[in-house]
Amino acid sequence: MNALRATPRAAVAAGGAVLVLIAIVIAAVLALRSGSPACFAGDPKSPSPAADPALYAGAVPVKGSTQLSIDMARGELLGARTRIEAEPRRLIEMSGWGVDSVAKRAAAAVLMRVDDAPPVRADTCGNRPDVASFFHTDAYAKSGFVVRVQAVPGSHRLAFDVLSADRKTLYRDVRSIQLDVKPEPVGATPAVQGGFTYLDGAVIPDPVFAGTPFAHRAATDLRISGWLVDQTRRVPTRVRSVDVLVDGKLADHASYGQRRPDVATFVQVPDLTNAGFTARVFTDDLRPGRHVLTLRAVVADGRTATFGTRIVLDLTRPQ
């Protein structure tokens with residue numbers, strides 16, 4: 001008789017758990033559609049940067065569980081799926097939240113490892129009021145993260161670790177996802193990564209990357225520097241040469257091979273330290289007004305690729 005009475009209670013408990021799970025999934029979708037999380041680590045148009053080993057050097061690895069969720073992948077709700085597919089050369093963006101359930105605080109960071117490569121870092125600082133509300137913990141309101149990986153052909157394992165709030169514990173392999181990237185189409189345009197870094201010896205302001213014209217006096221040389229690597233294959237390599245184009249026409253053959261150890265760290269290829277370039281554009285024959293700067297690279301097999309980032313140059317008349 002007692003066993004018969006217990007059965008409905010068990011069913012009610014199980015049903016309640018399902019309702020709770022549905023509630024947090026719905027809340028997560030609503031939060032993501034409202035624009036959260038809005039926290040990025042590094043350039044949002046590039047793969048997430050490598051994590052500084054000093055960040056987690058003092059952490060004790062633990063094969064255990066703190067709480068982490070990956071809600072979205074490629075703009076779609078991921079749910080319980082452990083495998084996603086992607087086209088080659090695409091940037092795969094994933095978002096979610098990570099908390100330190102022991103300290104009742106947002107995690108210090110989420111680290112993602114692609115196969116056996118060093119981890120990349122995703123800051124847990126995006127707005128996730130839905131997580132704070134569900135767990136009744138206000139400190140979880142800033143636990144959202146976004147992480148990005150370049151889609152390189154092949155099958156890869158994405159493993160996610162969570163760094164505790166005090167950075168003393170690293171919860172390993174909290175979740176893993178299999179990423180299957182289709183082979184590169186035969187004859188496809190090579191993929192290059194990099195871009196402009198300095199104009200006239202100064203770091204390029206963010207508004208210029210967003211389209212704000214860069215002012216430069218007409219009839220004076222424009223000094224340019226930056227970096228480019230070939231991302232067509234699984235491991236990034238040097239390109240063969242770099243050209244600077246003004247309004248689609250060749251303006252200068254850049255000097256390629258400048259030391260850029262920061263690039264080697266960013267693309268996680270220690271030997272790729274000489275991927276920088278410098279160039280000088282003579283503006284004497286250009287009319288005052290606006291012009292468009294672009295980069296064209298020749299990769300190892302001789303194919304060419306035009307880099308997507310453009311700089312609008314505004315040539316002003318000498319006073």
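Me: Is Leu315 buried or exposed?
Reply: Happy to start there, keeping in mind that this is a predicted model. Leu315 lies in strand E23, residues 311–316. Buried means under 20% relative accessible area. Leu315 has a relative accessible area of 2%, so Leu315 is buried.

Me: Leaving aside its neighbours within four places in sequence, which residues is Leu315 in contact with?
Reply: One of them is Gly289, 26 residues apart from Leu315 along the chain, and the two C-alpha atoms are separated by 5.0 Å. With neighbours within four places in sequence left aside, the contacts of Leu315 are His216, Arg217, Ala218, Thr283, Leu286, Arg287, Pro288, Gly289 and His291.

Me: Let's turn to strand E2. How many of its seven residues are buried?
Reply: Strand E2 covers residues 67–73. This strand is mostly covered, and the number of buried residues among its seven is six.

Me: Which residue in E5 is the bridge partner of Leu68?
Reply: E2 and strand E5 (residues 91–100) run antiparallel, and six bridges join them. For Leu68, the bridge partner in E5 is Gly98.

Me: And in E3, what is the bridge partner of Ala73?
Reply: Strand E3 spans residues 76–77 and runs antiparallel to E2, with two bridges joining them. In E3, Ala73 has as its bridge partner Glu76.

Me: What phi does Arg74 have in the turn between E2 and E3?
Reply: E2 and E3 form a hairpin, with two residues between them. Arg74 sits in that turn, and its phi is positive, at about 60°.

Terms used: Residues numbered from 1 in each chain as written. Predicted model: local features only at pLDDT ≥ 70, side-chain atom pairs only at ≥ 80, totals over all residues. Heavy atoms only, no water. Buried < 20%, exposed > 50% of the residue type's maximum accessible area, 1.4 Å probe, protein only. Helix = DSSP H or I, 4+ residues; strand = E, 2+ residues; numbered from the N terminus. Pairing = 2+ DSSP bridges. Contact = heavy atoms within 4.5 Å.
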